[in-house]
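Please read the points below with the structure open beside you.

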Amino acid sequence: MHDDTSETEIKLLLEAIYLRFHYDFRHYAPASMARRLSLAMRRFGCRSLSGLQERVLHDAGVFPELLSLLTIMVSDMFRDPGFYRALREKVVPFLQTYPSLKIWVAGCSTGEEVHSLAILLQEEGLLDRSLIYATDINPEALRKARAGIYELDRMAGFSEAYRAAGGRASLADYYTAAYGSAVFDKALRKNIVFSDHSLATDMVFAEVQLITCRNVLIYFDRALQNRAIGLFRDALCRKGFLGLGAKETLRFSDHAAAFSEFARAERIYQKE
Ligand SMILES: C[S@@+](CC[C@H](N)C(=O)[O-])C[C@H]1O[C@@H](n2cnc3c(N)ncnc32)[C@H](O)[C@@H]1O
């Protein structure tokens, strides 16, 4: 999938998806996009990318499934616990100085991250005065995030991460077990607005004090990373915080000068 023909075919397919469905994957990292499209070809039994394009444009059932292959819906609660520990210990004291808070979780996927944040804010006495926007482009991910129901067998790992993140209680206090699932308390979601928003095509919608966008920018090329970080810069209030994933950095961004490193190892930045 790395010759000139397939590069052209990938471009044509992504252009077709953009024109037909208004999802803009044209600036995603090429290597990971090529891998995803290989998977999709196998999944839909297509021998070429043009064959896949045919299916996407003419078979109504194909695009939703392709969307789930192209958007990597992997998430965990309290993923990289050091990040949450730093939020709790270093960022929360700043957040506590605001009478009300707006927070944006960009690329929230199936909601594990935003539930983790809600639990942390609850334990720090901030949830009631927070409004959290949890956004993603994948409607299926947003549906799962809104439901707040996860497989019970994931809870042991989540509990361990919660404790490592400095959790003050037991994770089990926040969910009810039922039929092999963990149903998270809906009070955690009362101040969360789940909504469709694309970092590739949409604009800023609110002024916020904290943004987390973790494990999303790694799928974008440099130009799209710059676009997204520009949105974060515009959305953050002065001295607001941006938390990225463990593999992501602002160092090579056009907007690096607009931020300072606040907790370097945990990839937390503060807007100047
Ligand atoms: C690997 S998940 C990360 C989930 C979560 N942030 C975490 O760290 O656990 C990446 C998410 O980014 C979303 N995504 C991909 N492109 C996006 C875009 N242009 N705008 C917003 N979200 C996007 C995908 O739908 C997917 O749910």
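**Notes on the model**

1. Asp-153 counts as exposed because its relative accessibility is 68%. Here exposed means over 50% relative accessible area, buried means under 20%, and partly exposed is in between, with a 1.4 Å probe and protein chains only. Asp-153 sits in the loop between β3 (149-151) and α8 (155-164). Helices (H or I, at least four residues) and strands (E, at least two) are DSSP runs, numbered from the N terminus. From the C-alpha atom of Asp-153 to that of Asn-226 the separation is 38 Å, and the two residues are 73 apart along the chain.

2. A word on the source: this is a predicted model, in which local features need pLDDT of at least 70 and side-chain atom pairs count only at pLDDT 80 or more, while totals for chains, interfaces and linings use all residues. Residues are numbered from 1 along each chain as its sequence is written, and side-chain values use heavy atoms, with hydrogens and water left out.

3. Next, the salt bridges. A salt bridge is a side-chain nitrogen of Lys or Arg within 4 Å of a carboxyl oxygen of Asp or Glu, and by this rule the count is 16. One of them joins the side chains of Arg-154 and Glu-112, at 2.9 Å from N to O. This pair links distant parts of the chain, 42 residues apart: Arg-154 is in the loop between β3 and α8, and Glu-112 is in helix α6 (residues 112-123). With a relative accessible area of 22%, Arg-154 is partly exposed, whereas Glu-112, at 1%, is buried. Arg-154 and Glu-112 also belong to a network of salt bridges that includes Asp-76 and Glu-151.

4. Glu-124 and Arg-168 form another salt bridge through their side chains, at 2.6 Å from N to O. Glu-124 is in the loop between α6 and β2 (130-136) and Arg-168 in the loop between α8 and β4 (175-178), so distant parts of the chain, 44 residues apart, are linked. Which of the two partners is buried? Glu-124 is, because its relative accessibility is 13%; Arg-168 is exposed, with a relative accessible area of 55%.

5. In the salt bridge of Lys-190 with Asp-128, the closest N and O atoms are 3.0 Å apart.

6. The structure holds 16 aromatic pairs. Rings of Phe, Tyr and Trp (its six-membered ring) pair if their centres lie within 6.5 Å; planes under 30 degrees apart count as stacked, over 60 as edge-to-face and the rest as tilted. Phe-21 and Phe-63 are stacked because their ring centres are 4.0 Å apart and their planes are at 5°. Phe-21 is in helix α1 (residues 4-21) and Phe-63 in helix α4 (residues 62-70), 42 residues apart. Phe-63 is buried, at 6% relative accessibility.

7. Trp-104 and Phe-232 make an edge-to-face pair, with 5.4 Å from centre to centre and 80° between the planes. The pair links strand β1 (residues 101-106), which holds Trp-104, to helix α9 (residues 222-235), which holds Phe-232, across 128 residues. Both Trp-104 and Phe-232 are buried.

8. One aromatic cluster is formed by Phe-78, Phe-83, Tyr-84, Tyr-162 and Tyr-174. Arg-214 lies over the face of Phe-83, 3.8 Å from the ring centre. Such a charge sits over a ring if NZ of Lys or CZ of Arg is within 6 Å of the ring centre and within 35 degrees of the ring normal. Arg-26 lies over the face of Tyr-18, at 3.8 Å from the ring centre.

9. The largest pocket has a volume of about 440 Å³. A pocket is an open set of points on a 1 Å grid over the protein atoms alone, with protein on both sides within 12 Å along at least five of seven lines; a cavity is a set where a 1.4 Å probe fits but cannot get out, and lining residues have an atom within 4 Å of a point. Grid points are joined across faces, edges and corners, and a volume is the space filled by probe spheres set on the points. Of the 27 residues lining the largest pocket, Ile-72, Gly-107, Asp-136, Asn-215 and Val-216 are the closest to its centre.

10. The structure holds one cavity of 30 Å³ or more, and the largest cavity has a volume of about 40 Å³. Helix α2 (residues 30-43) gives the most to its lining, with three residues.
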